[in-house]
Amino acid sequence: MAESNNTKMQLMIAFEQVAKEPDVKKYFTKGKELAKEIISMMSKLLLDSDLPAPTTWAGVITSSTISPFSDKLLMYNTNLLTIFGLGSNSVGAAFSFRNDMLLHLGNIMARQFDFAKDGGIILMKHGWMEEPPSSIDRT
């Protein structure tokens, strides 16, 4: 879990570095801080249980500020990864035998949901997503 969050943190740093729109940059900064908090929380939980926190290599971010992708694509990718993270944490919570882990995962999922919701608002604000997905009205 810490490994995937470390990768997400690096991705948020890179996206923040190349994003053009100020609100999009701010969103990636928020994502980076959220990933750092999750890494810290989960590492502490492992260390408190006398288990080693995993160390990972997530690559090196270049100093480039020229994005090969549009802010729209960066936001879409981030939203998709955030939703996958919510699903992964749900599965983790369902199979966890540790009661204390459920509280932490619930907290993380609530914060991930808020982050995804904020991303959806930015996508709609810029016209990158016309409206949230919904079911067909068959009445």
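How many aromatic pairs does the structure hold? The count is 3 aromatic pairs, where rings of Phe, Tyr and Trp (its six-membered ring) pair if their centres lie within 6.5 Å. This is a predicted model, in which local features need pLDDT of at least 70 and side-chain atom pairs count only at pLDDT 80 or more, while totals for chains, interfaces and linings use all residues. Residues are numbered from 1 along each chain as its sequence is written, and side-chain values use heavy atoms, with hydrogens and water left out.

**View 1**
Reading from the N terminus, the order is α-α-α-α; helices (H or I, at least four residues) and strands (E, at least two) are DSSP runs, numbered from the N terminus. The C-alpha atoms fill a box of roughly 55 × 50 × 15 Å along the principal axes. Of the 139 residues, 34% count as buried, with buried meaning under 20% relative accessible area, exposed over 50% and partly exposed in between (1.4 Å probe, protein chains only). Among contacts with a separation of 6 or more, 74% join residues 24 or more positions apart; a contact means heavy atoms within 4.5 Å.

**View 1. Tyr27 and Phe115 make a stacked pair.**
Their ring centres sit 4.2 Å apart with the planes at 5 degrees, so the pair is stacked (planes under 30 degrees apart count as stacked, over 60 as edge-to-face and the rest as tilted). Tyr27 belongs to helix H2 and Phe115 to helix H4, 88 residues apart, which makes this a link between distant parts of the chain. Tyr27 has 3% relative accessibility and so counts as buried; Phe115, at 4%, counts as buried too.

On a 1 Å grid over the protein atoms alone, a cavity is a set of points where a 1.4 Å probe fits but cannot get out, and a pocket is an open set with protein on both sides within 12 Å along at least five of seven lines; lining residues have an atom within 4 Å of a point. Grid points are joined across faces, edges and corners, and a volume is the space filled by probe spheres set on the points. H1 (2-18), H2 (22-48), H3 (71-94) and H4 (99-125) each supply at least two lining residues. The lining splits into 6 nonpolar, 6 polar and 1 charged; Ala, Val, Leu, Ile, Met, Phe, Trp, Tyr, Cys and Pro count as nonpolar, Asp, Glu, Lys and Arg as charged, and the others, Gly among them, as polar.

**View 2. The largest pocket has a volume of about 180 Å³.**
Its lining has 13 residues, with Ala14, Phe15, Val18, Pro68 and Phe69 nearest the centre. H1 gives the largest share of that lining, 5 residues. By type, the lining holds 9 nonpolar, 4 polar and no charged residues.

**View 3. Asp50 sits in the loop between H2 and H3.**
Phi of Asp50 is near 60 degrees, a positive value in a residue other than glycine. Most residues other than glycine have a negative phi. With 71% relative accessibility, Asp50 counts as exposed.
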